[in-house]
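Hi everyone, thanks for making time today.

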Amino acid sequence: MKQILFALLLLSPALSNAQVQHNFEKGPENTNCHELPAEFTNYVEAIKALSTTTFRLKETLSISKHLTPQALRYYSCDGKTGYLVAKESDSVFQVYPQVPYKLWQEFSESKDPVYFYSEKIKKQYAKLPEEED
């Protein structure tokens, strides 16, 4: 199943872009966020849905292939809260729902994003569980 997840992520824009990428803000009428479930049971389900949804806001931050996290992507339907997807290694991803956009902005502007991720995201936000076998 991790191979399917990896292939799915390869089909979506790569998480390892050089800098933060900003999309033009889309109005609610130009998204299909209403098709997302209220919550996900695991991160595999979430990544599949997130990769096929048109969001109002989608931003990417690349850190380094030698650090954890290597890269992150932020998806938001309303521009206020959203999903943070962290690529911790080539085969390990974490999904954090309900992350405020303001926190994402602080994170993307941080001088030490690895520490910020460890202290303000990993320790303070619940991640979605791995897929059940």
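Here is something to look for: which residues form a disulfide, and how far apart are their sulfur atoms? The pair is Cys 33 and Cys 77, with the sulfur atoms 2.2 Å apart; a disulfide here is a pair of cysteine sulfur atoms within 2.5 Å. Searching the whole structure turns up one disulfide.

A quick word on where this comes from. This is a predicted model, in which local features need pLDDT of at least 70 and side-chain atom pairs count only at pLDDT 80 or more, while totals for chains, interfaces and linings use all residues. Residues are numbered from 1 along each chain as its sequence is written, and side-chain values use heavy atoms, leaving out hydrogens and water.

Back to our cysteines. The torsion about the S-S bond of Cys 33 and Cys 77 is about -95°, so this disulfide is left-handed. The bond links distant parts of the chain, 44 residues apart: Cys 33 sits in the loop between helix H1 (2-11) and helix H2 (43-51), and Cys 77 in the loop between strand S2 (71-76) and strand S3 (81-87). Helices (H or I, at least four residues) and strands (E, at least two) are DSSP runs, numbered from the N terminus. Cys 33 is buried at 12% relative accessibility, whereas Cys 77, at 26%, is partly exposed. Buried means under 20% relative accessible area, exposed over 50%, and partly exposed in between, with a 1.4 Å probe and protein chains only.

Now the sheet. Four strands make an open sheet in the order S1-S2-S3-S4, with antiparallel pairing; two strands pair if DSSP finds at least two bridges between them. Strand S1 (57-62) and S4 are the edges, each pairing on one side only. Between S2 and S3 there are six bridges, and Arg 73 stands opposite Val 85 in S3.

What about the helices? H4 (residues 113-122) has Pro 113, Phe 116, Tyr 117 and Ile 121 buried. Seen down the axis of H4, the buried residues fall within an arc of 100°, so they line one face of the helix; that arc is taken from the directions from the helix axis to the C-beta atoms. Among the elements covering the buried residues of H4 are S2, S3, strand S4 (93-100) and helix H3 (101-109), where contact means heavy atoms within 4.5 Å.

That's my tour, and I'm happy to go back to any part of it.
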